[in-house]
Amino acid sequence: MEGLITARINPVRPYCRRHQSYFVSSYTPQVAKRVIATPIGMMKKHPKLLHSVAASVQPLENSEAGCLDNTLPSKDVLEVWRNADAVCFDVDSTVCLDEGIDELAEFCGAGKAVAEWTARAMGGSVPFEEALAARLSLFNPSLSQVHEFLQKQPPRISPGIDELIKKLKAKSTAVYLVSGGFRQMINPVASILGIPPENIFANQLLFGNSGEFRGFDANEPTSRSGGKATAVEQIKKIRGYKSLVMVGDGATDLEARKPGGADLFICYAGVQLRDSVAAKADWLVFRFTDLINSLQ
């Protein structure tokens, strides 16, 4: 697209189940650790900053939805999870504690209006591409604003995700990030977790030659409804995986669970619980430690 540049910046809810299960996890109150994802330039100079943790206590509120029957996995679900060739993770409210676009909008002065659109999009009531365009139009972030945002408000990594990804890698399970968020904000997260750029499927912000906002790349499959499902299907087909698992919190993640796509959808509700999504998941978890322990 003439005159455009793409900026690639590398810088409890408790539930119960009342029947027999092959994997039992007792409930303990969940506490979120604030993991500071330092911008890439600084991390190269100070590698130890990769592991810095600021201990802040953020208990998750108790569930108001009652009991669901998918909080403990069946034998078949465990079998697929333990033997998957690849695992695709959503980023916002899954790998990271925040919704990236909401945080960027807040930084640019349009937080409340954008957050309302995000809630509608993640609940599946609005086509994703419509919600994405509408949210961005509310604040039109410039390239300099994105740079400044990443410097001042680095992403917060969800507790346990780093250990889970390390464990999957140790089993030779491929790990991908499949997100409706933006590469500019996901690249630093991927670098921290040791996920290569070619394993990122996300959207791309476009800027003019002076750094002014010009939109997003509509050619990315994740820029539209059903896009994550398309991306996951491509990953599975092109890489030749026999079994693939999708982990996320939203309706767009659930969409990836279909023939030819993800063989299993695990709903992670440790940050956001979306009842309509959680109810349809193969497995509902509130802590990544549950997934870690199940691999042993």
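## Strand S11 and its cover

Strand S11, residues 264–268, is mostly covered, since five of its five residues are buried (buried means under 20% relative accessible area, exposed over 50%, and partly exposed in between, with a 1.4 Å probe and protein chains only). Both faces share in this cover: Leu264, Ile266 and Tyr268 are buried on one side, and Phe265 and Cys267 on the other. Strands (E, at least two residues) and helices (H or I, at least four) are DSSP runs numbered from the N terminus.

This is a predicted model, in which local features need pLDDT of at least 70 and side-chain atom pairs count only at pLDDT 80 or more, while totals for chains, interfaces and linings use all residues. Residues are numbered from 1 along each chain as its sequence is written, and side-chain values use heavy atoms, with hydrogens and water left out.

## Pairing partners of S11

S11 pairs in the parallel sense with strand S10 (residues 244–248) over four bridges, where two strands pair if DSSP finds at least two bridges between them; glycine 248 stands opposite cysteine 267 of S11. S11 also pairs in the parallel sense with strand S12 (residues 283–285), over three bridges, and here isoleucine 266 stands opposite tryptophan 283.

## Positive phi in two loops

Serine 93, although not a glycine, has a positive phi of about 65°. Serine 93 lies in the loop between strand S4 (86–89) and helix H3 (100–107), and is buried, with a relative accessible area of 1%.

Asparagine 140, a residue other than glycine, has a positive phi near 45°. Asparagine 140 is found in the loop between helix H5 (128–137) and helix H6 (143–152), and is partly exposed, with a relative accessible area of 42%.
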